[in-house]
Amino acid sequence: MNMCHLKSVAATLLLALFFLALGGCKTPKLSEANEQFGRGEYFNASKTYRAVYNKLNPREDRELRGQVAYQLATCYRKLNMAARASAAYQNAIRYDYPDSMALYYLGRSLQMEGKYQPAIDAYTQFLEKCPGDQLAREGVRGCQNAIRAASAPKSRYKVAQAKIFNSRRADFSPMYLDKTLNTIYFCSSNEKASGNDKSEITGMKRCDIFYSTKDEKGNWQRPQPAEGELNSDFDEGVMSFSPDGQTMYLTRARRALDANTSVEIYTSKRSDATWSAPQKFEVTADTLSAFGHPAVSPDGQYLYFSSDMPGGYGGKDIWRINLTQRVGSLENLGEQINTSGDEMFPYLRTDSLLYFSSDGHAGFGGLDIFVARLNSTGDRWSVENLGTPMNSKGDDFGITFGEGESGFFSSNRGDGRGYDHIYSFVKPDIKVTISGYVLDKDEEPVPNAVIRIVGNDGTTQKEVARDDGSFKFSLQRGVKYVMLAGAKGYLNVKQEFESDSEEEDADYGIDFILAAIHKPQVVENIFYDFDRATLRPESKEALDELAQMLKDNPNVTLEMGSHTDRVGTEEYNIDLSDRRAKSVVDYLVEAGIPIERLSWKGYGKSVPKTVTPRINKQYPQFEVGTQLTPELIDTLSEEDREAADQINRRTEFQVTSIDFDIM
């Protein structure tokens, strides 16, 4: 623990002695308030301190007023009344209260109000007095994170108040009974809680354990008190269950007028729907420390819990004990999890996935929910804040998971009285898809096209394209895929794709253009210099795609054919087109295609192009099926003659065989 915090503990003890000394001469209520505070009766103590504070003279009793304001602020802080705590700490500072911890706790209270910049200012003033204080540094970092988070996208969690479970009092720490997920237990101080007296600690009825079950339609029913001997006049709190749902581990408050309030772990056994009277679970022989918030590991081997027992890192730490080999198995989870602040409310989802709440790691306000992941070698935890909206400026804690990324947790967000309520959460599955069309060179759907997709995560999928050529696959994030489309009478086309690793929905588009085997196929975007056979640089992309298609279809041989327009002599055009076709073959050979698979021919102007549906879409003045002969072109307008000549100037390939022996 930081020395500034140790000094604060000593100062509190001295302050209590000072109050006791003054109590007799000043007012009987001051000694009463000190006694209430010492027993942890913060609600009653706050009322008494408030009465004392109001009777003190602002001028004559400045020192005592500052001390009472500090104690009053501490009561409000313990009761989660952030706004009142902030005001009282400010009063203590105004009356020159000497302990610098007033600045630290002012920062904490302002942070829980969501007043992040004033909280940073208070933390900064405290750090000037205690430069190395890690909790204050984390407080500043948490406020800065919260300011940034206000303008950043929220996480994908959807959060809503679970109204069926909540009352007008405190309701918190939900926990499923077993894997059926049909029964849930939680703590509540609602009016159905047993006993009539209100807690001196909270001012509410003492908490009991309640439960709710689902009806035949899967709807949660109104909560009822747990049946049997479980609930009592004491506070019954946070609970967890053995994997078979037959044993409950619960937290119970220890109350005595001559001792400080603390908590202990108890167990109760279930018979049908009835719970037995709780029996104390002995963690150690230590009777001074607090032990609470039990959480059974999914395999039932370990009990995780929160305690301020000696040997930790300060405040309350998360520990565990082996339930089958109790003696000598107690262990602290270590400094990667625990801080000099409080770590509480552990929840084990798997043996390497721990959720807990903390005010020592950088958070947005009071307690924030964190997830810790254990690495594959089992020697290091990585801790991550769940972010908004799971966390808020208030206390967020007591999480439990149901199906997938859904469940319940507790929070006092938005409640000025500091009352906790139960919230549901769900993290919708990320929908990553890839869709597109399988078309031929004329942009018509390819009948019965088959698309296969293989991921480097080992997944394989297959789909037949719909009548319009469309297809769609669901993908995983951050996976590399190879996709292959093919159909009878067409060459296969392969494409590679990698999905993004971002946590957001995405729909990627990709189309496959298949070349028919039975007719010539124009190779688009091949360009030559005027009156020459030299390929221009901008032809590279189209030729590389052609080379890849040949590699994807290793049993295919092609003839490359080049065509000219009607201008020039027949002899000249045959020679030019032959050289142009040869230049394409030379490029493909350089790209790794065996010359045995390739041939070429120059057709000059001898094979005018017949208008296809695709050409018609681009040049609607030419009807589908029309052959662009020189005689027809001569009858056209100058603009249409130029367009027709451009269509005739082309490079095509024709499949000559599909049984080339690659050996």
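This is a predicted model: local features need pLDDT of at least 70, side-chain atom pairs count only at pLDDT 80 or more; totals for chains, interfaces and linings use all residues.
1. The largest nonpolar core has 48 residues. Tyr49, Val68, Tyr70, Tyr89, Tyr104, Tyr123 and Phe126 have the most contacts inside this core. In general terms, nonpolar side chains in soluble globular proteins tend to be buried together.

2. Which elements give two or more residues to this core? They are helices H2 (28-38), H3 (42-55), H4 (62-78), H5 (82-94), H6 (101-112), H7 (116-129) and H8 (134-151). Helix H4 gives the most, with eight residues.

3. Next, the open sheet. Four strands make up this sheet, in the order E1-E22-E21-E20, and their pairing is antiparallel. Strand E1 (158-161) and strand E20 (396-401) are the edge strands, as each of them pairs on one side only. From one strand to the next, the twist averages 25°.

4. Inside that order, look at E21 and E22. Strand E21 covers residues 406-411 and strand E22 covers residues 421-426. The two pair in the antiparallel sense over six bridges.

5. Buried here stands for under 20% relative accessible area.

6. Strand E12 pairs with strand E13 (residues 302-307) in the antiparallel sense, over four bridges. Phe291 has Ser307 in E13 as its bridge partner. The hairpin of E12 and E13 has five residues between the strands, and in this hairpin Gly300 takes a positive phi near 75°.

7. A further hairpin is formed by E27 and E28, with six residues between them. Strand E27 (residues 480-486) and strand E28 (residues 493-498) pair in the antiparallel sense over six bridges. Met483 has its bridge partner in E28, namely Gln495. In the turn, Gly489 has a positive phi of about 85°.

8. Which residue takes a positive phi in each hairpin? In the hairpin of E12 and E13 it is Gly300, and in the turn between E27 and E28 it is Gly489.

Methods
Residues are numbered from 1 along each chain as its sequence is written. Side-chain values use heavy atoms; hydrogens and water are left out. Two strands pair if DSSP finds at least two bridges between them. Axes are lines fitted to C-alpha atoms, for helices over the stretch in contact, and angles run from 0 to 180 degrees between N-to-C directions. A nonpolar core is a set of buried Ala, Val, Leu, Ile, Met, Phe, Trp, Tyr and Cys residues joined through side-chain atoms within 4.5 Å. Buried means under 20% relative accessible area, exposed over 50%, partly exposed in between (1.4 Å probe, protein chains only).
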